[in-house]
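The structure comes first, and the description follows it.

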Amino acid sequence: MLVTEALATALTGLGADTVFGVVGSGNFHVTNALIAHGARYVAARHECGAASMADAWARLAGRPGLLSLHQGPGITNALTGITEAAKSRTPLLVLAADVSAGAVTSNFRIDVAAIAAATGATPARLHSAGFAVDDAVRAYRIARDERRTVVLALPLDVQAGECTWPGVPAERPAAPLEPAAGPAGQLAALLAGAVRPVFLAGRGARSGSARAALERLADSCGALLATSAAAKGLFRGSPWDLDVSGGFASPLAAELIGAADVLVGWGCSLNMWTTRHGHLVGQDTTVVQVDCESDAIGRHRPPHLGVVGDVTLTADAVATLLASEPRAPLAGQVDPEDLPGTGYRSAALRDRLATGIRWRDVPFDDTSDRDRIDPRSLTIALDDVLPAERIVAVDSGNFMGYPSMFLSVPDQDGFCFTQAYQSIGLGLASAIGSAVARPDRLTVATLGDGGALMGISELETAVRLALPMVIVVYDDQAYGAEVHHFGPDGHPLDTVRFPPADLAAIAGGFGCDAVTVRSVADLEPLRAWLEARPPRPILVDAQVTADRGAWWLEEAFRGH
Ligand SMILES: Cc1ncc(C[n+]2csc(CCOP(=O)(O)OP(=O)(O)O)c2C)c(N)n1
Ligand SMILES: [Mg+2]
């Protein structure tokens, strides 16, 4: 059996059914073998786009994505997308063609393992034809079970070799980690005594089972529920949902999180973004961190208590222990109106949350004028126009807070936030990956004009795939983040400002529907498009006001 054939048999047998890539000579045969075994192949126009598509796809599919690359420049082109995936702990298997061992003078030669390791990805290699299937299966399982981005080098000579089909090595599934009794008991005791507990769920809690377990435990101790940006949407629908903690937190969310007496991070790193550089954590707040990886605990700030364990199992174990903890009578219990009368929860607070937790409930001075629309007004109008069953994918830049704060999402799979590397230009491709993963939902790409033009080649991919997606560009004709970073100090800004580019015409040239928007009324064509849902994207070039930077940007600059 040819090695490429054996690889395709093994990987599709493990469940790999969607491959993104750009095909050259080095990955031609392996990609075709995967297609012959039933995998769907999605051709991107740039390897970085392919990487971001595979990354987003894997985040939403919940299983490893596959990325197929030509040797040398195919790999280096993909590096920014691979780095984002690696930093986000996306399970992703990169099939990276490589020159043969003896081809020391090949133009395509690079040190694939070194370059993969430099991005934070896990290097792997097909070492020989005879053991190629073992190598590939091991790489796939590391990606899946350890949530790693694995770059599997496929030397051309090994790919061209033959092997005897060895069968897929037996699975040794690792059971999710139970928490130790001691720390779980300490957490139960803390929650039993907590008056204003807040749960902060992160990427490690992005699942329906984790949500259910956390809600059960939160119900029993009266905790309020918040998430990091990476887990936005997890508690959607709960009356106790505070939405995102950190720079994107609404004033009411920030107030309530800041006043917590016990703050528990669940699969959440409690990094500078989620805690606003620590300002959201009260002086006297007891901080707990629960994580299935011991080295994640305390990485960003030392907690008072660390619990090593799977989020769902730990929440369930603590709920069981809490049920047997002696509980002090809580103030809320004297008021029959209070629901359920424990911890932070009261009828009055529930009403406050219902009317004031969303950013769009917070009054603001609309800066729209005849030619340009305030990005907040634009985003609130979009929130009303777009169907609730949506996936919002966000690129990086000054604009990024508007969609993150003013667009609601139906659940944790409604938000694709590729910000672990803070690269601009990945948003369109990650939206395409999202749309491929979830055709049942409307994908909304939200981009700055800078990021949109950086990743524009993938508009052709979106049109070719006939994806009915909405692409919103917050167009300020500038690298706004830099304008607002350096402008106030009087620096010259010519390097970060651009003449107007007619993005609607450019999108039209790719075959998209398109509209230029300067007011809420200009969104009418989008409304019509949403009713018709033609099999192609629509690009909304929103001419936004930009007289000042978004306030959360200041938060970001502190992280530079
Ligand atoms: C690949 C990459 N290059 C440069 C940067 C630095 N950078 C951060 S935000 C930004 C401007 C983005 O402009 P745009 O997409 O128009 O969004 P805006 O800030 O204007 O809202 C730049 C250049 C980056 N983060 N990533
Ligand atoms: Mg811009």
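Arg 390 stands opposite Leu 442 in β15. Helix α20 (residues 503–510) packs on the sheet, touching β16 (470–475), β17 and β18 (538–543), where contact means heavy atoms within 4.5 Å; the direction of α20 makes about 170 degrees with that of β18, axes being lines fitted to C-alpha atoms, for helices over the stretch in contact, and angles running from 0 to 180 degrees between N-to-C directions. Helices (H or I, at least four residues) and strands (E, at least two) are DSSP runs numbered from the N terminus.

This is a predicted model, in which local features need pLDDT of at least 70 and side-chain atom pairs count only at pLDDT 80 or more, while totals for chains, interfaces and linings use all residues. Residues are numbered from 1 along each chain as its sequence is written, chains are lettered from A and ligands numbered from 1 in the order in which they are written, and side-chain values use heavy atoms, with hydrogens and water left out.

The strands β13 (residues 390–394) and β15 (residues 442–448) run parallel and are joined by 5 bridges; two strands pair if DSSP finds at least two bridges between them. They belong to an open sheet of 6 strands with parallel pairing, in the order β14-β13-β15-β16-β18-β17. Its edge strands, each pairing on one side only, are β14 (415–417) and β17 (513–517), and the twist averages 15 degrees from one strand to the next.

A further open sheet of 6 strands, with parallel pairing, has the order β2-β1-β3-β4-β6-β5. Here β2 (40–43) and β5 (122–125) are the edge strands, and the average twist from one strand to the next is 25 degrees.

Around ligand 1 there are 16 residues, of which Asn 398, Asp 449, Gly 450, Gly 451 and Gly 480 come nearest, a residue being near if one of its heavy atoms lies within 4 Å. The table lists polar contacts, that is, pairs of N or O atoms within 3.5 Å.

| Residue, backbone atom | Distance to an oxygen atom of ligand 1 |
|---|---|
| Asn 398, N or O | 2.8 Å |
| Phe 399, N or O | 2.9 Å |
| Gly 451, polar atom | 2.8 Å |

Taken alone, ligand 1 exposes 580 Å², and the protein buries 78% of that, with accessible areas from the Shrake-Rupley method with a 1.4 Å probe. The elements giving two or more residues to the shell are α17 (449–454) and α19 (480–486).

Key: A polar contact is a pair of N or O atoms within 3.5 Å; within protein, one must be able to donate a hydrogen and the other to accept it, and residues adjacent in sequence count only if both atoms are side-chain atoms.
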